[in-house]
Amino acid sequence: MRKILLLFLFLSTFLSAYSQRLIYSSDYPVEKIRIILEQLRGGTVSENLTDLEYIPLGGGKNDIIDFISNIIITPNNIGIISNSNQNLYIYDLKGNLIKRISEIEGFKPKNKVLFYNIQQEKGKIVAYGDKLKVVFNEKGEILEKNLDYKYMGTKTFVSLQDTKFYYGSPSTGKKDSLPEYGLKMNDSILVRYDPRDTIGFMFANGDEIIKTSEEIGFAVFPNTYRIAQLNPKGVSKIIQFVFPYKNTVDTSNYDIYKTVQSYFNFMENNRDKITSITDAKRYKQYLLFQVIGSTPTRIALNLTNNEIISLNKILPDKSNDFMEFLGYNDMETDGEYIYSIIYPNDVAKAKEKSKIEGHSIRKEYLQLEKSLNPILVRYKLK
């Protein structure tokens, strides 16, 4: 009897209530992954990472990036939109500035905002602005330009080969209503939101629909803790993350999502709650994503054995001179490496830690503190 009671109590910690429900075909396989954040594996940089490099982003005094709004990695380039001026910076993979695009001939930006977003399409950089779409090659030269493009929002669609997937967010619908679809493939609707549910605001960091390669993409439904894995033929499977009851938000309480302020008030008073999962990417055998709560957590899920690593619990050590590697910007991957961004002031923390540990930090890392721009970090997971 005691064993049955203990088993019931253990299982009950994973019970979830999702009132922002999804409607999709029962033919889609569903894989449930249980996550207890406190029990996730971490370790040190030397135990978990290889091929770690720190690459300063170049440029002169007129090419300073204060904070990164968007970043993409192509086979030959790094594309970055600066948060301050919304200019597009194109670098090679060694961090050398190839070109800064601050204007487009014939286009007058609205509110001085040139670009809202960038994507990679078959190795090319595609930049979007208000009624603007521009395709650049690896040298920053314009291949295509559309000055009357209807901007559809930040990455609300991706293309896998010749198939287009469109994402319909609850936050883009009318107040107290749902959009026509949650996920659409070309003209076919694959996922709908349940019409019994209404939600006017959805909070998530990162992108809701992501392209990892021409073969793999992900559509993230943040408040439901679900991710649809995509291929050129449609949905290959639904991944559902299940968290302990103490961490799970009951989204039937729609007052939480009425405004940004109500959301932050809720988070302040419910610091254990996970409001969403977001920013999913495929890296080798791993699914990378972020769990959003009072303390956001970067997670790497090994899809071959379901082992889960908390990247936030991977600690710098002597192997990388106690340098930060994760940063606060979105992570990117080209399938071979993971990329993140740190800033020159992170070097000072490494210097202080090295001093405490009696460790000598290498000269090339000390030089990074003088960098005018953010620092690209490139590495592999073991």
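Author: A salt bridge is called when a side-chain nitrogen of Lys or Arg lies within 4 Å of a carboxyl oxygen of Asp or Glu. In this predicted model, a search of the whole structure finds 15 salt bridges.

Reader: Why is the contact of Lys 237 with Glu 31 called a salt bridge?

Author: The N to O distance between these side chains is 2.8 Å, and because the cut-off is within 4 Å, the pair qualifies. Lys 237 belongs to strand S20 (residues 234-242) and Glu 31 to strand S2 (residues 30-34), so the pair ties together parts that are 206 residues apart in sequence.

Reader: How do you know which parts of the chain the salt bridge of Arg 378 with Glu 53 links?

Author: The closest N and O atoms of Arg 378 and Glu 53 are 2.8 Å apart, and the pair links distant parts of the chain, with Arg 378 in strand S27 (residues 375-381) and Glu 53 in strand S4 (residues 49-56), 325 residues apart.

Reader: Why do Arg 378 and Glu 53 carry the accessibility labels they do?

Author: Arg 378 has 12% relative accessibility and therefore counts as buried, since buried means under 20%; Glu 53, at 32%, counts as partly exposed.

Key:
Residues are numbered from 1 along each chain as its sequence is written. This is a predicted model: local features need pLDDT of at least 70, side-chain atom pairs count only at pLDDT 80 or more; totals for chains, interfaces and linings use all residues. Side-chain values use heavy atoms; hydrogens and water are left out. Helices (H or I, at least four residues) and strands (E, at least two) are DSSP runs, numbered from the N terminus. Buried means under 20% relative accessible area, exposed over 50%, partly exposed in between (1.4 Å probe, protein chains only).
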